[in-house]
Amino acid sequence: MIAKHKGLLLFAFLLITTFLSTIIFPFIYMTIGIEEKMSLYMKILLGQLFGYVLPLTVLLSISKKTSNVGFSKTSIFNIKKYINKKINIYPVYLLTIIFYFFIHFLVEGISNLYIFFTSDFSNIITNSNAPLNSFVSLVVIFAIVPAIIEEITYRGLYYDAFNRNKFLLFFVSVIVFTFSHGSIFSAISALLLGIFLMLIMNLTENLKVVIILHFLYNFLSLIFSNYIKTPFISPSEFIDMTDQPQVILGASFLNFSISLFFLIFVILFYYRVRDKIRIKSTILYEEKKPYKKLDYIFAFLLCLSITIIFAFRIF
């Protein structure tokens with residue numbers, strides 16, 4: 001009977017973290033007058049620690065129940081079984097790097113196309129050439145912490161909560177992960193990253209692996225956004241070339257072509273290595289009737305809530 005509470009706990013967790021990050025913490029910063037005194041990095045880090053890490057820790061704590069035998073505690077969310085499984089991880093590293101380049105050129109192509117139609121450069125990220133100490137802070141805030149928090153949540157808790165239904169197992173975690181990001185451009189990459197990480201999680205059932213892969217993806221994103229610009233076709237190349245729309249359009253199609261090349265490479269390489277990294281699954285997808293309706297109800301509530309939250313953020 002305990003399993004029926006997983007979706008409810010995840011729904012409460014989503015609402016609480018959203019409330020904390022969008023209302024409570026901004027209000028506290030303004031009330032005590034420290035918002036202007038803190039750096040952007042510190043505000044983001046505090047938001048991550050108190051808006052996500054603390055509620056996640058509380059969720060994992062309150063989801064423990066007393067065992068029927070003795071007084072030991074067992075967790076409602078059984079994510080420990082997804083930690084110690086051994087696989088050949090090196091092909092997955094290479095697959096993730098190739099996948100990153102697919103996303104990188106796809107998003108740059110979309111950005112160029114957006115510039116072509118709108119002449120709006122406000123969403124374009126230029127290389128900041130951050131010094132080493134700043135880059136280390138960026139790695140902690142935007143690579144390490146999100147990889148741990150998001151994977152424990154979306155490929156850990158969500159994976160365990162909806163593993164009785166193969167459709168919901170993929171759909172809910174990917175949708176909530178996608179719309180938890182704050183812009184259309186980041187949501188596009190998050191959608192594809194969420195699908196990729198769920199495929200890997202489904203093959204390996206190893207939470208440590210997807211945390212490392214998520215970190216690797218984030219780390220590559222930071223390297224490119226800070227230090228590496230694709231010559232001639234990067235969106236930031238055209239900030240001073242708004243009078244040459246045909247060049248921007250051509251760069252967009254070139255980005256899409258390169259992205260397609262990497263996508264084909266990803267698909268071929270994935271089918272080549274999947275049998276090497278696949279483990280014998282411990283998941284039974286047959287739905288249990290007592291929980292079938294509850295799973296769909298909480299899946300609907302989670303997806304609807306995060307879609308509304310995302311709409312408020314971008315509009």
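Which residues does Leu197 touch, not counting residues up to four places away in sequence? The whole chain comes first, then that residue.

This is a predicted model. The protein chain has 9 helices and 2 strands. From the N terminus on, the elements run α-α-β-β-α-α-α-α-α-α-α.

Now the chain totals. The protein chain holds 315 residues, and buried residues make up 45% of them. Take the contacts with a separation of 6 or more: residues 24 or more positions apart account for 82% of these. The accessible surface of the chain comes to about 16700 Å². Carbon and sulfur atoms hold 70% of that surface.

Back to Leu197. This residue sits in helix H6, which spans residues 184–204. Beyond its neighbors up to four places away in sequence, Leu197 touches Glu151, Arg155, Val210, Leu213 and His214. Tyr154 lies 43 residues from Leu197 along the chain. The C-alpha atoms of Leu197 and Tyr154 are separated by 9.7 Å.

Phe50 gives another view. Phe50 is found in helix H2, residues 40–62. Is Phe50 buried, partly exposed or exposed? Its relative accessibility is 42%. That value falls between the 20% and 50% cut-offs, so Phe50 counts as partly exposed. Phe50 also belongs to a nonpolar patch on the surface, together with Leu49, Leu54, Val58 and Ile62. Together, the patch residues have about 450 Å² of accessible area.

Conventions:
Residues numbered from 1 in each chain as written. Predicted model: local features only at pLDDT ≥ 70, side-chain atom pairs only at ≥ 80, totals over all residues. Heavy atoms only, no water. Helix = DSSP H or I, 4+ residues; strand = E, 2+ residues; numbered from the N terminus. Buried < 20%, exposed > 50% of the residue type's maximum accessible area, 1.4 Å probe, protein only. Contact = heavy atoms within 4.5 Å. Areas by Shrake-Rupley, 256 points an atom, 1.4 Å probe, with all protein chains shown as cover. Patch = residues over 30% accessible without salt bridge, like charges linked within 9 Å, V, L, I, M, F, W, Y side chains within 5 Å. Salt bridge = Lys/Arg side-chain N within 4 Å of Asp/Glu carboxyl O.
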